[in-house]
Amino acid sequence: MRIPLDRQNGIPIYQQIESHLRQAILSGNLPAETRLPACRQLAHDLGVNRTTVENAYSALEADGLVFSRMGSGTYVLPVYPLPAISKNNTDAPWPLWQTNLQRNIFSNSDTADEMLQASGHPHPISFASGISDARQFPVDEFRKVIQSVMRRDQIDALEYGERRGYAPLREGIARILASQGLQTHPDNILITAGSQQAIFLTSQVLLKSNDIILVEDPTYSAAIDLFRTLGFQIVGIPVDGQGMQVEKMETLLQLHHPKLIYTVPNFHNPTGTCLSSARRRQLIMLAGRYNVPILEDDFVGDLRYEGHTQPSLKSLDPGGQVIYVSTFSKMLMPGLRVGFIVADGPVNESLLNFKRLSDLATSTLIQRALDAYMTVGRYQTYLHRSSQIFRARRDAMIAAIERHLPSGISFETPKGGLFIWLRLPKSLSANDLLPIACKEGVSFSPGNSFFIDGVSGEDWIRLNFASQPIEDIEEGIQRLGTAVRRIKTKKK
Ligand code: PMP
């Protein structure tokens with residue numbers, strides 16, 4: 001086989017071989033089932049190293065263009081072209097059952113960033129996301145850990161694994177929780193696919209359709225979507241600077257007989273507030289008196305930048321009243337999809353059974369890698385570093401807000417977490433502002449998607465200060481200021 005190679009153009013030789021073969025396969029010059037020359041032969045013909053040819057073949061194999069048959073050689077695979085457009089974009093007549101599906105019940109938090117991307121701005125800046133900064137992820141360290149776990153554990157790393165999750169990981173989590181004042185046995189921990197699955201499983205176990213759930217209003221939008229999808233009636237409790245207004249709870253407990261209280265007591269999403277110590281104790285007392293379980297969602301509890309850590313509800317639990325869920329998504333990386341539930345009593349077994357029905361197990365390989373990565377010391381160091389970075393970003397965002405946004409806005413400084421919850425000047429609507437802000441190249445989450453009725457909170461926005469570097473925070477808030485001024489002049 002003849003492949004023209006250019007040793008001067010700076011493109012690695014293996015890539016030149018690969019792209020020549022790729023074109024030959026895609027154009028049909030090398031049809032399916034063609035046997036490629038043996039690596040040694042082609043290397044000899046081209047006057048290159050054998051590994052160079054092997055690397056080219058591996059790259060083609062990784063893209064599904066060829067496959068190697070043990071002892072027999074490397075063969076071209078048939079090419080299956082993908083349709084040019086997604087079928088969803090066509091006007092195809094769908095079967096009736098498809099058109100009858102319930103639509104648009106979701107608050108759809110992705111729309112802000114879709115709108116930002118669609119604006120075509122050359123340097124879009126998103127403050128809409130719900131996670132910390134992907135640029136901080138320990139990518140290289142984690143890759144090495146996965147490799148060493150594969151080497152160490154071999155097939156064990158690829159089995160379904162233990163029902164509750166990998167025991168050493170659960171022990172590690174129990175140690176981290178103990179360092180935060182929450183004492184629990186590893187057997188009371190169930191590993192889940194993120195805390196979203198933990199919320200899903202808990203509510204599935206405890207509630208049935210039409211049951212009532214009490215939540216903070218506003219609250220985490222995907223929790224609202226989930227509860228609504230499962231057919232629950234959602235009753236809201238307002239939030240102030242001290243978190244959920246627990247004083248209003250007793251009347252609601254008597255009136256509605258809820259089956260669950262869902263709360264985000266630390267650095268609440270979206271408001272960033274923390275439930276005060278007194279309210280925590282009152283909440284536990286009321287839940288006990290009215291026999292209602294509490295689902296405590298501690299999604300960023302560790303990311304505290306100042307002030308004292310409050311005891312978790314679970315650590316105040318006299319026994320079996322609180323189901324605690326947390327996640328490695330915000331503190332580490334969301335794509336791991338590792339979260340966990342801490343629960344005591346018979347509910348533990350029910351959660352375990354539902355977990356099995358839901359997905360059999362959370363990835364064994366990822367759990368083992370996380371365990372190998374996350375010694376308590378490393379976790380604390382990582383947390384310390386992240387906290388310092390995010391605190392500086394929070395301060396930068398507050399300074400930028402004060403510099404670039406007009407008077408009439410208001411917000412409270414969050415003591416941790418990811419979000420600033422900001423009230424726009426009176427009569428400004430976040431949903432009117434969003435498209436104009438996106439045109440300027442900045443996005444945020446409009447407040448109404450966090451409210452149960454989907455319409456309150458028109459004049460609120462959630463800004464994620466942790467996900468962007470300081471220069472972009474300054475630039476992004478400046479753009480937001482321009483958007484606010486634009487909409488104000490338009491209104492006049
Ligand atoms: N709880 C809250 C309050 C959240 O904001 C999120 C994600 N944004 C989750 C739970 C779920 O996250 P994960 O499934 O990645 O753990």
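In what order do the 4 strands of the open sheet with antiparallel pairing lie? In this predicted model, the order is β12-β13-β16-β15. The edges of the sheet are formed by β12, residues 410-411, and β15, residues 445-446, each of which pairs on one side only. Strand β12 is joined to β13, which spans residues 419-423, by 2 bridges in the antiparallel sense. Within this pairing, Ser410 has Arg423 of β13 as its bridge partner.

A further antiparallel pairing involves β1 and β2. Strand β1 covers residues 66-69 and strand β2 covers residues 73-76, with 4 bridges between them. Val66 has Val76 as its bridge partner in β2. As a general point, strands of a sheet pair through backbone hydrogen bonds, in either a parallel or an antiparallel manner.

The report now turns to the ligand. The residues that surround the ligand are Gly194, Ser195, Gln196, Ile199, Tyr220, Asn269, Asp297, Phe299, Thr327, Ser329, Lys330 and Arg337. By class, the shell consists of 3 nonpolar, 6 polar and 3 charged residues. Helix α8, which runs over residues 194-206, supplies the largest share of the shell, namely 4 residues. The distances are set out below.

The last topic is cysteine. How many disulfides does the structure hold? The number is 0. In general terms, a disulfide is a covalent bond that links the sulfur atoms of two cysteines. Are Cys274 and Cys438 buried or exposed? Cys274 has a relative accessibility of 15% and therefore counts as buried, because the cut-off for that class is under 20%. Cys438 has a relative accessible area of 1%, so this residue is buried as well.

Definitions and conventions:
Residues are numbered from 1 along each chain as its sequence is written. This is a predicted model: local features need pLDDT of at least 70, side-chain atom pairs count only at pLDDT 80 or more; totals for chains, interfaces and linings use all residues. Side-chain values use heavy atoms; hydrogens and water are left out. A disulfide is a pair of cysteine sulfur atoms within 2.5 Å. Buried means under 20% relative accessible area, exposed over 50%, partly exposed in between (1.4 Å probe, protein chains only). Two strands pair if DSSP finds at least two bridges between them. A residue is near a molecule or strand if one of its heavy atoms lies within 4 Å of it. Ala, Val, Leu, Ile, Met, Phe, Trp, Tyr, Cys and Pro count as nonpolar, Asp, Glu, Lys and Arg as charged, and the others, Gly among them, as polar.
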